[in-house]
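Trainee: I would like to check the labels on this model against their cut-offs. Shall we go through them one by one?

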Amino acid sequence: ERNLAGLAVAVAKDGRIIWEEGFGWANREKMIPVSPHTMFSLASISKPITATAVMMLVESGAIELDRPINDYLGFGKLTGLAGDASGATVRRVLSHTAGLPLHYQFFYADEPVRRRPPMNETIGRYGILVTAPGEAFQYSNLGYGILDHVISRVSGQSYADFMRSRVFLPLGMLRTSVDIGPGLEEFVAERYYRDRPVPFYTFDHPGGSAVYASAHDLVRFGMFHLRDRLK
């Protein structure tokens with residue numbers, strides 16, 4: 001009905017995947033079919049995956065939920081235009097209640113002049129509270145970019161490496177990566193807009209939008225959070 005290029009479905013029950021199937025094309029031009037292991041851009045479904053990594057560091061004692069997130073940042077810190085930035089805790093950034101604005105920038109592979117700036121620069125430029133911390137819910141992609149930066153600073157690994165070694169591989173998510181991981185290019189579905197392929201793009205907030213995963217892997221992640229490990 002919507003003339004989609006392709007899609008994948010996975011359903012689990014009682015710890016088992018009972019149905020997984022691909023439909024249509026991962027790449028129309030090359031006639032590559034979708035399978036349950038085809039990797040799609042998750043966009044904002046990246047956020048609960050990033051939040052899981054943050055909570056792992058909370059459980060290990062490396063991060064405290066109710067400390068100001070500025071305590072975990074470098075020279076790029078949040079500033080309090082509409083409230084005291086010390087109230088922007090890790091917990092509030094996770095729950096979109098820190099006072100950060102809705103913000104995003106895309107960086108396309110066919111626009112080489114525009115490169116993603118260092119996160120310290122992005123935080124310094126856009127990390128300005130527009131409401132007092134705890135006052136209101138305001139969906140913030142920037143907040144999750146800040147969280148992936150915190151993950152990297154606290155763990156000593158890049159965000160992509162931490163997610164692969166501590167989240168994806170332990171859960172058997174072998175077709176999941178931040179952006180398109182090395183060696184996974186052939187498994188990735190082409191992005192389309194109005195039937196036209198879209199050049200690869202990434203973001204200035206990877207923790208909010210940059211994860212790719214298959215339906216098979218995503219159902220594994222869901223079952224983990226339901227405490228029903230796949231058998």
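Mentor: Start with Leu-4, which sits in the segment before β1. Bear in mind that the model is predicted.

Trainee: Why is Leu-4 called exposed?

Mentor: Its relative accessible area is 54%. Exposed means over 50%. Leu-4 therefore counts as exposed.

Trainee: How far is Leu-4 from Tyr-72 in sequence and in space?

Mentor: They are 68 residues apart in sequence, and their C-alpha atoms lie 42 Å apart.

Trainee: Why is Ala-43 called partly exposed?

Mentor: Ala-43 has a relative accessible area of 37%. Buried needs under 20% and exposed needs over 50%. The value falls in between, so Ala-43 is partly exposed. Its phi is positive too, near 50°. Ala-43 lies in the loop between β4 and α1 (46-59).

Trainee: What makes β1 and β2 count as paired?

Mentor: Two strands pair if there are at least two bridges between them. β1 and β2 (residues 16-27) have eight, in the antiparallel sense. So the pair qualifies. One of the bridges joins Leu-7 to Phe-23 in β2. In their hairpin, two residues stand between the strands, and Asp-14 takes a positive phi near 55°.

Trainee: How do you know that β4 and β10 pair?

Mentor: β4 and β10 (residues 211-214) share three bridges, antiparallel. At least two are required, so they pair. Ser-41 has Tyr-212 of β10 as its bridge partner.

Trainee: What makes β4 and β6 edge strands of the open sheet?

Mentor: The order is β4-β10-β6, with antiparallel pairing. β4 (39-41) and β6 (176-178) have a single partner strand each, so one side of each lacks a neighbour in the sheet. On average, neighbouring strands here are turned by 20° against each other, direction ignored.

Trainee: Which helices pack on this sheet?

Mentor: Helix α5 (residues 159-168) touches β6 and β10, and its direction makes about 155° with that of β6. Helix α7 (residues 215-225) also touches β6 and β10, at about 100° to the direction of β10.

Trainee: How many residues line the largest pocket, and which lie nearest its centre?

Mentor: There are 22, with Gly-6, Phe-40, Glu-190, Arg-191 and Tyr-192 nearest the centre. The space is about 410 Å³. By class, the lining has 13 nonpolar, three polar and six charged residues.

Trainee: Which strand gives the most to that pocket lining?

Mentor: β1 does, with three residues. β1, β2, β4, β7 (192-193) and β9 (201-203) each supply at least two.

Key:
Residues are numbered from 1 along each chain as its sequence is written. This is a predicted model: local features need pLDDT of at least 70, side-chain atom pairs count only at pLDDT 80 or more; totals for chains, interfaces and linings use all residues. Side-chain values use heavy atoms; hydrogens and water are left out. Helices (H or I, at least four residues) and strands (E, at least two) are DSSP runs, numbered from the N terminus. Axes are lines fitted to C-alpha atoms, for helices over the stretch in contact, and angles run from 0 to 180 degrees between N-to-C directions. Contact means heavy atoms within 4.5 Å. Buried means under 20% relative accessible area, exposed over 50%, partly exposed in between (1.4 Å probe, protein chains only). On a 1 Å grid over the protein atoms alone, a cavity is a set of points where a 1.4 Å probe fits but cannot get out, and a pocket is an open set with protein on both sides within 12 Å along at least five of seven lines; lining residues have an atom within 4 Å of a point. Grid points are joined across faces, edges and corners, and a volume is the space filled by probe spheres set on the points. Ala, Val, Leu, Ile, Met, Phe, Trp, Tyr, Cys and Pro count as nonpolar, Asp, Glu, Lys and Arg as charged, and the others, Gly among them, as polar.
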